[in-house]
Amino acid sequence: MKIYIDLWIKSLDSKTAEILRKLGYKAIAVEEERERVADLLVITKRVIEANTRKELKEKLHGIKRKHVLVSVKPLSIEAARMAAHDSRVDTIIIDDTCYKYIDRNQINLMKQHSKPLELPLGRWLTYTPRKRSAIYRRVVYYLFHTKMPLIVTSCAKNWDELLVPRSTIYLLSIAFHIPLSQAVLSLTSYPRELISRCGVSI
Amino acid sequence: MWCQYLSIDLQILYTLIILSLALSVLAIILDISRTQVLSSKVSKLENLVKSLFSRKERSIKKIRKRYIVFSIISKHRYKRIEVEEAIRRAFSEMFGEISAAKADPQLIYFDPSIQRGVIRVSHIYKDHVIALLGFIREINGRSCLLIPIKTTGTIRKARKILYTLGKK
């Protein structure tokens, strides 16, 4: 049986947890946990937005490493480079605010330091066509040149923003030309590896 | 003496003529048989090529149907028309008008009491419809989530699944 994992849920309430269970998720990473839920492995997620290298350093300083997943949304080139270098960072997010800084050099650096790219897929479909295409180009370049895993998340605030695993896998296969067998890993094995790196076994 | 020689020569001549005639007849018979074999071989080859081409054409032209069983999670209860319109609109927004025409996703069955339905689609665009269903977030301004449950090749099986699989 496949263990689906969503590595970015903005806020978790009972309704969202119920639907997550229905959809077949076993583990999630939550930014803001409103209610305690059973039957789901919940770990904390910290999303750091940084403009400068110094700011990122300061924000990373106070974070506990155990049971916490750290993702960085770089808002400048120097913050992006620093995020790729730093071993405390688990993933680097690409969205409409920071896609400009995920360039070729950044992707090469990410490959060197084995930092996976995280794409909030639900949000990606809501961007303007221009931004959507820019992100698409970067993700395809990342996938083609680095052969690194792509982590797909929902970034859901409500239950209706959650990702349906089967649909997500097929969309990855259609949009990014990822074979179905590998697209499944974006929701199962790759996130699982990251979680186990944080000291949580599943 | 001369007559004797002549009669012998004539006999030889006749035998030679008969022999040549027999040989020519044999050659003709052999030739005919060979051409028959050849023609049969050629016709076999032609048939093979024809069958190959016709099979290829058939595989391109024939559109098989797939039935996708799905369920809706929402606080509201939707009508069949609302759901079908939402699916068609979402498909043409996501994959374009031409793909929508080719795929022709039809909501052939919808049970409002359990909020489950069956979509019929061309086998080529089956993946597209499954991908699309998960990303329909609202119908008529009311938030919802569509979950593809199972894909089948017959409507009978689809209906069976509709009322049995994953029912809670």
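## A helix across the sheet

Let's start with helix 7 of chain A, which lies across strand 1, strand 2 and strand 7 of chain A. Its direction makes an angle of about 135 degrees with strand 7 of chain A. Keep in mind as you look around that this model is predicted.

Another helix to find is helix 2 of chain A, residues 53-61. This helix lies across strand 3 and strand 4 (68-74) of chain A, and runs at about 155 degrees to strand 3 of chain A.

## The sheet itself

In what order do the 7 strands of the open sheet in chain A come? They follow the order 1-2-3-4-5-6-7, and their pairing is parallel. At the edges you will find strand 1 (4-12) and strand 7 (150-153) of chain A, each pairing on one side only. On average, neighbouring strands of this sheet are turned by 35 degrees against each other, direction ignored.

For one pair in detail, take strand 2 (residues 25-33) and strand 3 (residues 41-50) of chain A, which pair in the parallel sense over 4 bridges. Here Ile28(A) stands opposite Val42(A) in strand 3 of chain A.

## The second largest pocket

Which element gives the largest share of the lining of the second largest pocket? Helix 2 of chain B does, with 6 residues. Helix 7 (165-175) of chain A is also among the elements that give two or more residues to this lining. By class, the lining has 15 nonpolar, 5 polar and 7 charged residues.

Methods
Residues numbered from 1 in each chain as written. Chains lettered and ligands numbered in written order. Predicted model: local features only at pLDDT ≥ 70, side-chain atom pairs only at ≥ 80, totals over all residues. Heavy atoms only, no water. Nonpolar A, V, L, I, M, F, W, Y, C, P; charged D, E, K, R; others polar. Pairing = 2+ DSSP bridges. Axes fitted to C-alpha atoms, helices over the stretch in contact; angles between N-to-C directions. Contact = heavy atoms within 4.5 Å.
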